[in-house]
Amino acid sequence: MSRVGQPVVRLLEDDVDSIKFSLASHLLYSVGKEPINANARDWFMATAYAVRDRVVERWMPTLSRYYTQDAKRVYYMSMEFLIGRTLTNAMINLGIYDTVKQAIGDMGLGLDFDEIVGWEVEAALGNGGLGRLAACLLDSMATLGIAGFGYGIRYDYGMFTQHVEHGWQVESPENWLRYGNPWEFPRPGVIYPVRFGGRVIHYKDVLGHTRAQWMDAEEVMAMAYDVPIPGYGGRTVNNLRLWSAKSTREFDLKYFNAGNYIEAVRDKNESETLSKVLYPSDMTSRGKELRFKQEYFFVAASIQDILSRFRKSHSDWNLLPEKVAVQLNDTHPALVVAELMRVLVDEHQVEWARAWAITKACCAYTNHTLLPEALETWPVEMFGRILPRHLEIVYQINHEFLQEVRHRHPGDSELLRRVSVIGEGHEQRVRMAHLAVIGSHKVNGVAAIHTGLMKSTIFSDFEHLSPGKINNKTNGVTPRRWLLLANPGLSKLITARIGDGWISDLDQLHKLEPFADDPDFRARFAAVKRANKERLAEVIGQRLGVDIEVDALFDVMVKRIHEYKRQLLNVLHVVTRYLRIRTNPLLDVVPRTVIIGGKSAPGYVTAKLIIKLINDVADVVNNDPLVGTKLKLVFIPNYNVSTAELVMPAAELSEQISTAGTEASGTGNMKMSMNGALTVGTWDGANVEICEEVGEANMFLFGLTAHEVARHRIDGYDPAPMLAAHDDLKKALDLIGNGFFSPEEPDLYKPLVDNLTVHGDHYLLTADYPLYMAAQERVDQLYRNPDEWTRKAILNVARMGKFSSDRTVREYGEEIWGVKGR
């Protein structure tokens, strides 16, 4: 790297011949193969290194520029970064995708570009929307030229690989690093100690101030691995820094020499468990402790790194908020508040009130859930045993906050109980969301309805205490990956009509609106959609052995499996549709292929049972000769970013049917609309804002509102009247409950049916069922008019400009972080 402030001269050109030379050189010198004995994976590695070289040439000047300009840096703290495949995304953002493709073809070796890029294994650094949002925001920060850095954990095994055996989800380790990761740069010189346990002593310093010292703690080392994140156009390449746990002791020679090899490496194995797996099961106390330690591990390493970088140029701690913005992506990094206070107060002797002002000014918190059970809390006993000094700090933060509340609202003990960081109950627990809210200068939701509900429900007291602190930043997705890369046919069609400015300014898609009434454009748009459907149908046939009819409506629901997301409501629709066809085989129906994908948490019994039901229903429906091509149901195992890039462009109907008031935002809804799918959905999450942009006439919205759901919760909901009034619903539930789809285990699905009929139907599937079915009737009616369907699909694409993550990042930058992009 050049000295700070000096430009880095680019040595590599981006023309075909230069890239061919890079490919051949890396195959020989980096992979250690000659073309005659190189396989597709070898060529993938050579291609990745060739592209990486060009990324690095832009990366080093970016980092130098930040130092030269003394830029304010944004640190995005997240337990998840679901970045997907890096090679194709890097080629797109550097503008060399077609050039690299041509160079590979021109090598004259019969190489298949698609096979080569298909060898990349996705980085297993996330699970769902939380991690995908983080990846989109990193892409947009780089595209906008914002000095953005991601911090997370380099998981050895990620979440898990999902297999389906006899209809059940089966998990196996996701060994994504098996063949190495060409995109990461190990930084053995960037290593920090992270401590756990021990005890705290208090003493007076020479000035008579009371000080705390954390001592006798166990120590683990956090080593950095850097991943460059190129923005579109290649002008800025930011950094994602991931921490890997390393033992302070490789092995105990005494045990080794005595032949006790297991004991010799015990400390090493236990220490390095911290970065083994994303979200270890918290069904056991050891699992809970490991997850808590993971969160502190990456927080502690990141804070040390952030402050080390700051101290290279500054000595005045008062400048920290002017140079550092820390964004907490959900409650997982909420320990930042306590850790930053500990470092400032204990290690740098900053006075408490000053340290607290600095901490609050640096930190901001993004909330992603309204579900009380999803808001992290940790037992005080465990917290104090693992992080004794931090618990003291949390207690002091809480004490001072409650004192302030008490002065403003004297005598209101209930208010104090509700806002306290320490929750009282059968055991005391630290409420991490409360710590994040109190320790941040801004708190945001991720969709307008979600933010409004935050203010009126889970954080209503905080909104009353600090009006304006809670604000909205509606999620977005990067159009580079989710349209330009995932849907090249549509991207080329759009660019041919309105130019390529939309790639970095998605609002320009509105120029497509007049083309919705152009018969030629509609025909071309429909042809692109059909080609995407054919591509997905071929993949489904190869992977699952299910032949699906391309002329059928592709009805898609891909997301994490959870009761509130209501995949079960989708299944009820499929079963009802199946029964109608079985009852009248001559019934004129719109052929439909229902495609579902997603993972359940390993310990989530009900969600795993829903996956089993989906597969059992599919087995019956897909093999019933009376049904034929009129209805198919497909469950895609191991749904991930690469699969999403196939599914989103092919989707015609986007299922977004969560119970109103439960989905924070959703981003799958944005991706599918951006690719020309129409949405059938509830008044929940970002669906509401998509409706505001696209127009209700171009969607199929239905169901209870969040207010009506809340009213049912208060009054108590009885599903019996709905079951009595809707025979189709009763028949579908009876078919599921009596073992029709599980003849070897007739009572297998009784718990699912009982949840809806006996135990109050918490997520109100039966309440929304008739309105959902009516919406599906409207879907069928419109699909019978292909030209009108295509017109509405074009309008969906044209009106999706708001939902670019570039817009989201600009709003964060201007209203929370205090930075401006291009």
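Author: A residue is called buried when its relative accessible area is under 20%, exposed when that area is over 50%, and partly exposed in between, with a 1.4 Å probe and protein chains only. The model is predicted, so local features need pLDDT of at least 70 and side-chain atom pairs count only at pLDDT 80 or more, while totals for chains, interfaces and linings use all residues. Residues are numbered from 1 along each chain as its sequence is written, and side-chain values use heavy atoms, with hydrogens and water left out.

Reader: Is N532 buried or exposed?

Author: N532 counts as buried because its relative accessibility is 8%. N532 is found in helix α22, where helices (H or I, at least four residues) are DSSP runs numbered from the N terminus.

Reader: Which residues does N532 touch, not counting residues up to four places away in sequence?

Author: Contact means heavy atoms within 4.5 Å. With that exclusion of residues up to four places away in sequence, N532 touches N487, P649 and A650.

Reader: What angle do α12 and α15 make?

Author: Helix α12 (residues 335-347) and helix α15 (residues 388-408) pack at about 100°, with their axes 9 Å apart. The two helices, α12 and α15, are therefore roughly perpendicular to each other. Residues of α12 in the contact include V337, M341 and V345, and those of α15 include H390, I393 and I397.

Reader: Where is S804 placed, and which backbone nitrogen lies 3.0 Å from a polar atom of its side chain?

Author: S804 lies in the loop between α33 (786-798) and α34 (805-817), and S804 is buried, with a relative accessible area of 3%. The backbone nitrogen is that of D806, 3.0 Å from a polar atom of the S804 side chain. Not counting residues up to four places away in sequence, S804 touches G476, V477, P479 and L506.

Key: Polar contact = N/O pair within 3.5 Å; in protein donor to acceptor, adjacent residues only side chain to side chain. Axes fitted to C-alpha atoms, helices over the stretch in contact; angles between N-to-C directions. Parallel < 35°, antiparallel > 145°, perpendicular 65-115°, else oblique.
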